[in-house]
Amino acid sequence: GDVSLSLIRHFPRASATLNKVELSDLRGGELLKIEELSFSMGLLSVFFGKPEVSTIHLKNGLLSLKIDASGKTNYEIIKESSNNKHDENASFTIKEAILSNFTVMYSNAIKQSEYKVRIDQTTLAGEFSSDQFQNKI
């Protein structure tokens, strides 16, 4: 969908809004669908140090997580690098993530289980890296 970006409105933070965001899994299925995703982050954190997202708001979304009968997941969408170099500094922080009218669906073919959770509104925060993450609910 369309995108709006502002470097001045919330200075010294940059803010952006993306409408109708969709993310497919590696098999072509639907992984994530969000009607509106907006966020703000410190400009300096983008260029110096690890990026720090001040606020991210996800409105009217669907996250569909799956494990098939052979144990393959649909949510591991970042491919491993063939040169096996690992960047220890690949991380970012989200101070506040607000989910509004959000549905999370999870199915596991191995355990023959399915779950669906509807979230009217919740707030999350965390520090994320390529190897591990910590979050606060």
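Which side chains meet in a salt bridge with Asp68? The partner is Arg27, at 3.5 Å from N to O. A salt bridge here is a side-chain nitrogen of Lys or Arg within 4 Å of a carboxyl oxygen of Asp or Glu. We will return to this pair after a look at the whole chain.

This is a predicted model, in which local features need pLDDT of at least 70, side-chain atom pairs count only at pLDDT 80 or more, and totals for chains, interfaces and linings use all residues. Residues are numbered from 1 along each chain as its sequence is written, and side-chain values use heavy atoms, with hydrogens and water left out.

Start with the outline. The protein chain has 1 helix and 7 strands. Helices (H or I, at least four residues) and strands (E, at least two) are DSSP runs, numbered from the N terminus. Read from the N terminus, the order is β-β-β-α-β-β-β-β. Contact means heavy atoms within 4.5 Å. Of the contacts with a separation of 6 or more, 53% are between residues 24 or more positions apart.

Now ask what is covered. Of the 137 residues in the protein chain, 28% are buried. Buried means under 20% relative accessible area, exposed means over 50%, and partly exposed lies in between (1.4 Å probe, protein chains only). The accessible surface of the chain is about 10,000 Å². Carbon and sulfur atoms hold 54% of that surface. Such areas come from the Shrake-Rupley method with a 1.4 Å probe; for residues, only the protein chains shown count as cover.

Next, go inside. In soluble globular proteins, nonpolar side chains tend to be buried together. A nonpolar core is a set of buried Ala, Val, Leu, Ile, Met, Phe, Trp, Tyr and Cys residues joined through side-chain atoms within 4.5 Å. The largest one in this model has 12 residues, including Leu32, Val53, Ile94, Phe102 and Ile119. Strand S3 (30–42), strand S4 (52–67) and S5 each give at least two residues to this core.

Thr103 sits in strand S5, which covers residues 91–108. Its relative accessibility is 15%, so Thr103 counts as buried. Beyond its neighbours within four places in sequence, Thr103 is in contact with Gly61, Leu62, Leu63, Lys116, Val117 and Arg118. Thr103 and Ile119 are 16 residues apart in sequence, and their C-alpha atoms are 6.0 Å apart in space.

The rings come next. The structure holds 1 aromatic pair. Rings of Phe, Tyr and Trp (its six-membered ring) pair if their centres lie within 6.5 Å; planes under 30 degrees apart count as stacked, over 60 as edge-to-face and the rest as tilted. The rings of Tyr106 and Tyr115 have centres 6.2 Å apart and planes at 25 degrees, so they are stacked. Tyr106 is partly exposed because its relative accessibility is 26%. Tyr115 stands at 52%, so Tyr115 counts as exposed.

Back to the charges. Side chains of opposite charge can pair when their charged atoms come close. The structure holds 3 salt bridges. Asp68 lies in the loop between S4 and S5, and Arg27 in the loop between strand S2 (13–24) and S3, so this pair ties together parts that are 41 residues apart in sequence. Asp68 is partly exposed at 24% relative accessibility. Arg27 is partly exposed too, at 47%.

Another salt bridge joins the side chains of Lys59 and Glu36, at 3.3 Å from N to O. It links distant parts of the chain, with Lys59 in strand S4 and Glu36 in strand S3, 23 residues apart. Lys59 is partly exposed at 30%. Glu36 is partly exposed at 24%. Asp120 and Arg118 also meet through their side chains in a salt bridge, at 2.3 Å from N to O. Asp120 and Arg118 are both exposed.

Leu5, Leu7 and Ile8 make a nonpolar surface patch of about 360 Å². Patches are made of residues with over 30% relative accessible area and no salt bridge: like charges are joined within 9 Å, nonpolar side chains (Val, Leu, Ile, Met, Phe, Trp, Tyr) within 5 Å. Leu5 belongs to strand S1, residues 3–10. Its relative accessibility is 62%, so Leu5 counts as exposed.
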